[in-house]
Amino acid sequence: MERRTIGAGALAVGAVGLGCMPMSWAYSTSRQRGEESLRAVHRALDAGSTLLDTADMYGPFTNELLLGRVLRERRADAFVSTKVGLLVGDQHIVANGRPGYVKRACDASLRRLQTDVIDLYQLHRADPEVPVEETWGAMAELVRAGKVRALGLCAVGARPGRRPGARLHDGTIRQLERVQQVFPVSAVQAELSVWSPEALRTLLPWCETRGVGFLAAMPLGNGFLTGTLTPGEGFEADDPRARHPRFTAEMMAANQPIVAGLRRVARRHGEHVTPAQVALAWVLSRGRQVIPVPGTKHARWVAENAAAARLRLTERDLAEIARLPPAQGSWD
């Protein structure tokens with residue numbers, strides 16, 4: 001697989017990563033099977049999808065434990081990215097950016113992952129009660145201690161801090177400008193897909209001008225862009241899509257022209273090319289520092305996603321995708 005680099009440290013990873021969250025967090029708990037997830041991780045590494053993206057809150061903790069079972073055997077094959085800063089309660093999630101907590105959380109992640117170093121340690125969310133510079137400073141100390149190789153920041157959510165007229169990623173860029181003064185940012189993770197292209201306006205250009213890697217979260221639109229979801233089919237109660245405005249039967253039907261457009265492009269590249277692969281190839285075409293991180297727990301989809309790295313969209317393809325109607329329905 002093509003290799004891409006993250007940050008000024010030129011950390012090399014496969015062009016398509018693997019989002020591990022669905023293996024043990026959200027997305028239909030009844031369908032989570034550990035052995036199938038282990039096969040998916042091994043298939044990703046075999047295919048060159050070396051970036052494994054997890055977080056201590058996924059499970060919580062069980063996602064890192066699962067990856068640790070693979071890393072125990074194949075640490076040299078993997079680029080490990082995990083996150084800190086969110087605590088999961090019975091009915092809520094809260095931020096914790098206190099320096100002491102960050103250091104303890106890192107040690108705990110290292111134990112669960114069965115490794116002595118984390119390649120990319122990301123701040124999941126800033127704690128509103130702690131200056132982000134203090135949290136970032138504690139993370140920088142972990143780099144100096146040799147426990148972490150590079151630091152990343154996850155984009156602020158759509159709702160917090162939004163002011164009338166503000167652009168989606170204004171809050172994230174403000175945080176980035178602050179932490180960059182403390183220690184270099186190697187990567188930013190934010191949603192980017194054909195139906196959620198907002199990062200192209202300000203956030204991705206910010207990364208491009210500073211040599212910062214961009215991890216594209218949800219590049220398949222939470223599964224919608226694969227063309228495998230049927231409007232009105234419904235989701236299990238614990239699946240977050242069951243409550244998302246874009247996944248009502250009405251909005252899924254209204255957004256079918258987007259999937260149809262991806263399917264038309266796919267057909268031009270061969271009968272075995274899928275809309276999901278076109279969607280990933282579009283993300284890859286947004287810049288050399290962009291690494292899509294599609295999430296899945298099935299080895300079959302891992303292989304399909306990895307193969308998208310070989311798909312080269314033409315100018316005609318890109319122009320046709322650019323003409324697709326914008327997604328309907330709120331994403332907040």
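**Salt bridges and a pocket, checked against their definitions**

User: Why is Arg268 called partly exposed?

Analyst: Its relative accessible area is 31%. Buried means under 20%, exposed over 50%, and partly exposed in between (1.4 Å probe, protein chains only). Arg268 therefore counts as partly exposed. This is a predicted model, where local features need pLDDT of at least 70 and side-chain atom pairs pLDDT 80 or more, while totals for chains, interfaces and linings use all residues. Numbering runs from 1 along each chain as its sequence is written, and side-chain values use heavy atoms, without hydrogens and water.

User: What makes Arg268 and Asp317 a salt bridge?

Analyst: A salt bridge needs a side-chain nitrogen of Lys or Arg within 4 Å of a carboxyl oxygen of Asp or Glu. Here the closest N and O atoms are 2.8 Å apart, so the pair qualifies. Arg268 lies in helix H8 (residues 256-268) and Asp317 in helix H11, so the bridge ties together parts 49 residues apart in sequence. Helices (H or I, at least four residues) and strands (E, at least two) are DSSP runs, numbered from the N terminus.

User: Is Asp317 buried or exposed, and how do you know?

Analyst: Buried: its relative accessibility is 1%.

User: What does the salt bridge of Arg75 and Asp119 tie together?

Analyst: Their N to O distance is 3.0 Å. Arg75 sits in the loop between helix H2 (62-74) and strand E5 (79-84), and Asp119 in strand E8 (residues 118-123), so the pair joins parts 44 residues apart. Arg75 and Asp119 are both buried.

User: Why is Glu177 called partly exposed?

Analyst: Glu177 has 34% relative accessibility, so it falls in that class. Its salt-bridge partner is Arg210, at 3.5 Å, N to O. Glu177 is in helix H5 (residues 170-180) and Arg210 in helix H6 (residues 203-210), 33 residues apart. Arg210 is partly exposed too, at 38%.

User: How many salt bridges does the structure hold?

Analyst: The structure holds 20. Glu2, Arg4, Arg288 and Arg312 are linked in a network of them.

User: Which residue classes line the second largest pocket?

Analyst: The lining has 12 nonpolar residues, no polar and 1 charged. Lining residues have an atom within 4 Å of a pocket point; a pocket is an open set of points on a 1 Å grid where a 1.4 Å probe fits, with protein on both sides within 12 Å along at least five of seven lines. Ala, Val, Leu, Ile, Met, Phe, Trp, Tyr, Cys and Pro count as nonpolar, Asp, Glu, Lys and Arg as charged, the others as polar. Val194, Pro197, Trp282, Ile321 and Ala322 lie nearest the centre. Helix H11 (residues 315-322) gives the most to the lining, 3 residues.
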